[in-house]
Amino acid sequence: MYLAVSGTCYWCMEAIFNALKGVSNVEQGFLVTEDRKHVEAVLFRIDEEEISLEDVIRVHLDSHACTSNHSFRESYPSAIYPTNTAHIAQCAKALESAASDYAKPVVTKVSPMVAFYPTPARQQNYFWRNPAKPFCRRVIAPKMEVLKELYPKLLSRDAFTYLSDETA
């Protein structure tokens, strides 16, 4: 299954989903929504034999302010975009289950994706190629630390080793 998500900057989301077992082909870029807006998003493949759709959605919810309609929500909508309309109901059910863990209502929606345009190759895999850059250390690294604390069993061996060495 291929899935796209939005909610925060694509560099952050790309780093998070690249760290998960069972997630591959992660690309950052701009997604076109039903209402023709262009939003930062990541598109990736899920191997459901290695990671469940619900776990992927839980990671997504925990990686950004999924209960807040903050001032940047127009630019960074909290959403899940199945690439196949047949998967909309499956994603909605997984979102409903994951969202039940939150005390406040989750603003995340499931919406169809119209198109996806990846950023240039030089921007792809940004965090893992540039972990010492100020934005990576200040913004992405704390999110990666939360990922390691909440979901250590979902991390790939390389990501877990890297994050353990980085934060030890």
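# A chat about a predicted model

Trainee: How does Asn-125 count at its relative accessibility?
Mentor: Asn-125 counts as partly exposed, because its relative accessibility is 28%; buried means under 20% relative accessible area, exposed over 50%, and partly exposed in between, with a 1.4 Å probe and protein chains only.

Trainee: What kind of model am I looking at, and how are residues numbered?
Mentor: This is a predicted model, in which local features need pLDDT of at least 70 and side-chain atom pairs count only at pLDDT 80 or more, while totals for chains, interfaces and linings use all residues. Residues are numbered from 1 along each chain as its sequence is written, and side-chain values use heavy atoms, with hydrogens and water left out.

Trainee: Back to Asn-125, where is it found?
Mentor: Asn-125 sits in the loop between S6 and helix H4 (126-129), where helices (H or I, at least four residues) and strands (E, at least two) are DSSP runs numbered from the N terminus. Its phi is positive, at about 55°, although Asn-125 is not a glycine.

Trainee: Is Arg-36 buried or exposed?
Mentor: Arg-36 is exposed, with a relative accessible area of 55%.

Trainee: Switching to the sheet, what is the strand order?
Mentor: Six strands form an open sheet with mixed pairing, in the order S5-S4-S1-S3-S2-S6, and two strands pair if DSSP finds at least two bridges between them. The edges are strand S5 (109-110) and strand S6 (115-118), each of which pairs on one side only.

Trainee: How many bridges join S2 and S3, and in which sense do they pair?
Mentor: S2 and S3 pair in the antiparallel sense over eight bridges, with Leu-31 standing opposite Val-39 in S3. On the other pairings, S1 and S3 are antiparallel over four bridges, with Val-5 opposite Val-42 in S3, and strand S2 (residues 23-32) pairs with S6 in the antiparallel sense over four bridges. There, Phe-30 has Tyr-117 of S6 as its bridge partner.

Trainee: How covered is S3?
Mentor: S3 is mostly covered, since seven of its nine residues are buried. Leu-43 has its place in strand S3, and it is buried, with a relative accessible area of 12%.

Trainee: What does Leu-43 touch away from its sequence neighbours?
Mentor: Leaving aside neighbours within four places in sequence, Leu-43 is in contact (heavy atoms within 4.5 Å) with Leu-3, Ala-4, Asn-25, Val-26, Glu-27, Thr-83 and Phe-116. From C-alpha to C-alpha, Leu-43 and Leu-31 are 8.7 Å apart in space and twelve residues apart in sequence.

Trainee: OK, helices now: how do H1 and H2 cross?
Mentor: The axes of helix H1 (residues 10-18) and helix H2 (residues 53-62) come within 11 Å and cross at roughly 145°; axes are lines fitted to C-alpha atoms, for helices over the stretch in contact, and angles run from 0 to 180 degrees between N-to-C directions. Met-13, Ile-16 and Phe-17 of H1 make the contact with Val-56, Val-59 and His-60 of H2.

Trainee: Which classes do those contact residues divide into?
Mentor: They divide into five nonpolar, one polar and no charged, where Ala, Val, Leu, Ile, Met, Phe, Trp, Tyr, Cys and Pro count as nonpolar, Asp, Glu, Lys and Arg as charged, and the others, Gly among them, as polar.

Trainee: Why is H1 largely enclosed?
Mentor: H1 is largely enclosed by the rest of the structure because seven of its nine residues are buried. The buried residues of H1 pack against S1, S2, S3, H2, H4 and helix H5 (134-150).

Trainee: Last one: where does Ser-78 lie?
Mentor: Ser-78 lies in the loop between H2 and S4 and is buried, with a relative accessible area of 4%. Not counting residues up to four places away in sequence, Ser-78 touches several residues, including Ser-6, His-64, Cys-66 and Arg-73.
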